[in-house]
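This briefing covers helix packing, nonpolar cores, loop residues and backbone geometry for the chain shown below.

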Amino acid sequence: MGKEPHFLVGTFPQTPSRGRSLCSQTRRTPTDLSNCLTSNFALSFVVSGARGGLFGAGGRFKGGTDPIMEKFNESIGFDQRMWSEDVRGSIAFAKANAKAGILTQEECDILVQGLNQVHEEWATETFEIKPGDEDIHTANERRLTEIVGPVGGKLHTGRSRNDQVATDTRLWTVKAEKEVLNDLKTLLQAGAHVAEENIDILMAGYTHLQPAQPIRYSHWLLSHMAPLVRDAQRLQQMIPRTNQCPLGSGALAGNAFGIDREFLAKELGFDGVTANSLDSVCDRDFVVEFLMWSTMLHTHISQLAEDLIITNMLKGVDMDDAYATGSSLMPQKKNPDALELLRGKAGIALGRAVGLTATLKGLPRAYNKDLQEDKIPLFQAVDTVKDCLAICTGVLLTMKANPEKLKEALCPEMLATDLADYLVRKGVPFRETHHISGACVRLAEEEKIRLDQLTLEQLQNIDARFAEDVMKVWDYEMSVERKSSLGGTARSSVQKQIDDIRVFCESL
C-alpha cells in the first residue's frame, strides 16, 4: 500500500491544571491522528472547562470539566425557582448548628443576616448567577460567602446537597400543592355557582352517547364536579406526606454533630421528620404522587372538556369568545380551542408520571444524579395544573347555557323507563314491566311515531293494566323530579349537591 498522507494537527489548549498540550503541533498520519483523538479528544474539552468555586480544583478534582458536561450536569437553569426554599432551609440549618454548638451565636447571626441579603437580592431580581453556579444551592452559598466572608464556609457543616435538595423540593412542593388546592377550590365554587344559576334547565342524559333519560343541566355539570371533589380530597391527603423534613440526614448516613431535626422541622413548618436517612435523600415518592395526582385531575378536566365540546357543537352551550379562536380560512368558525387544549393536557401529564416512575424504578440506595430529573416534570406539572384550573374556571363562568337547544334533545323515548315504573307502582315486577315498555317502544317504531303518540287503546292492547293516568308519564319535569333520592336529579337533590360542595370548599 502507498504511504499514508500527512496532516497538520494543531495544539490543544493548555490549562493551569495540565501544563502541556495533549497533542503537540506536529505532522501525523491519519492513524496517529485517530489514536490521538481516541485517547485524548474528550480530555481536550475537560481541560477547557472550569469547576465551580465550591467544588472545584484543589479538592478531590485537580482539573476542569468538559464544558458540555458542565452544561449537562448543572440544574441552575430550572432549580433556581426554589431560591426562597433554599434560603429558608439554610437559615434554619444555621440556627440548628448554633443550637448544636457548631456555630457561635455571632457566626449564626452573621450567616442569617447574609442569607437574608441573598433572599432580598432574589426577591428584587438583582441576584447575579455566575459561571460555576451549578445549582441553586451552590449559587446561594457562593453569594453568601461573598457577602459574609470565610464564615460562609461553615454553613454547610454536617449538611449535604443530598438532604438540602430533598428539603428544598419538599418545601416547594408543599407550597405548590397548597396553591393548587386553593385553585381547585375556586373551580369547585365556580361549578356550584353555575349549577345553581341554571338549576331549572333540563337536558338529555346519555349512556353510550345514546339518549337515555332526562336530567337537569346542573346535575350533569355537578357530575363533573364530583370527581374534582375527590381530587381535592386526595391532594389534601398528600400534603402531610410531602410535608416531612429530610434535613439533617446528611449525604446518606445522618448528621454527625447531633443536630436537632425536630427543631429543623419546626423552623421550616414541616409536620414531622423523615424516618430513615438513606431513604430521606432519595425518596421522590411525593413527586411521583403529585405527577400521578395531576394525571387524574387532567383526566377529569379532559372528560369535562369533551362533554362541553360535544354540547357546544350541538349548540346546547355557547362558549365565550375569550376561550375560542377562529379559522385562518373559514370566517364563520368559532373553535373551542381552550377545551381542546384542556383535553390534550391529560396525555402529557400521564407521560410525566410514567417517565419519572421509570427513572426511579432501577435506582439503588441512596442519592443518584438521576434524581435531578424530578424537577422539570414537577415544575411543568404544577404550572400546567394551575393554568388548566384557571382556564377551566374561566370557561365555566363565562359560558352560556342554551335552554331551548338543550330541551330540543329531549325525546319521549327517554321516558320508556318511566313507563315501566308506572306499572311497577301498580305492583307489576320490574322485569315484566321492562318487557312491556320495550314492546311499546317497538310498536311506536313500527308505526313510525313518537312513543308519547301511542294512544291509550294501543297501550292497553299491549297490557290492560295501563289506565288513563298513564298519559301523565310523558312529562320531562315530573320524570326528573321523581329522582329525588340522594344524588338524584330532582331539584332538591341537586341543590343538596351544590350545598355540599360549598360546605366542602369551606373546609379546604
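**Helix packing and overall picture**

The model is predicted, with local features needing pLDDT of at least 70 and side-chain atom pairs pLDDT 80 or more, while totals for chains, interfaces and linings use all residues. Residues are numbered from 1 along each chain as its sequence is written, and side-chain values use heavy atoms, without hydrogens and water.

The α4–α6 pair

- Helix α4 (residues 83–99) packs on helix α6 (residues 136–148) at about 60°, and the axes are 10 Å apart; axes are lines fitted to C-alpha atoms over the stretch in contact, with angles from 0 to 180 degrees between N-to-C directions.
- α4 passes α6 in a right-handed crossing, which is to say that the near helix is turned clockwise from the far one by less than a right angle.
- Trp 83, Asp 86 and Val 87 of α4 meet Ile 136, His 137 and Asn 140 of α6, where contact means heavy atoms within 4.5 Å.
- By class, the contact of α4 with α6 has three nonpolar, two polar and one charged residues; Ala, Val, Leu, Ile, Met, Phe, Trp, Tyr, Cys and Pro count as nonpolar, Asp, Glu, Lys and Arg as charged, and the others as polar.

Chain totals

- The chain has 19 helices and eight strands, taken as DSSP runs (H or I, at least four residues, for helices; E, at least two, for strands) and numbered from the N terminus.
- Buried residues make up 47% of the 508 residues; buried means under 20% relative accessible area, exposed over 50% and partly exposed in between, with a 1.4 Å probe and protein chains only.
- Of the contacts with a separation of 6 or more, 71% are between residues 24 or more positions apart.

Nonpolar cores

- The largest nonpolar core has 64 residues, of which Leu 188, Met 225, Phe 290, Trp 293 and Leu 308 touch the most other members; a core is a set of buried Ala, Val, Leu, Ile, Met, Phe, Trp, Tyr and Cys residues joined through side-chain atoms within 4.5 Å.
- Two or more residues of this core come from each of α7 (161–197), α8 (217–242), α11, α12 (337–360), α13 (375–398) and α19 (491–507).
- α11 gives the largest share, 12 residues.
- Another core, of 24 residues, lies apart from it and includes Leu 410, Val 428, Leu 451 and Val 470.

Buried loop residues

- Arg 284 sits in the loop between α10 (277–282) and α11 (285–313) and counts as buried at 1% relative accessibility.
- Beyond four places in sequence, the contacts of Arg 284 are Val 165, Ala 166, Leu 360, Tyr 367, Leu 371 and Asp 374.
- Gly 248, in the loop between β5 (244–245) and α9 (261–268), is buried, with a relative accessible area of 4%.
- The C-alpha atoms of Gly 248 and Gly 258 are separated by 9.1 Å.

Backbone geometry

- Arg 365 and Ala 366 are joined by a cis peptide bond, with omega about 0°, and Ala 366 is in the loop between α12 and α13.
- Lys 315 has a positive phi near 65° and is partly exposed at 47% relative accessible area.
- Lys 448 has a positive phi near 60° and is exposed at 74% relative accessible area.
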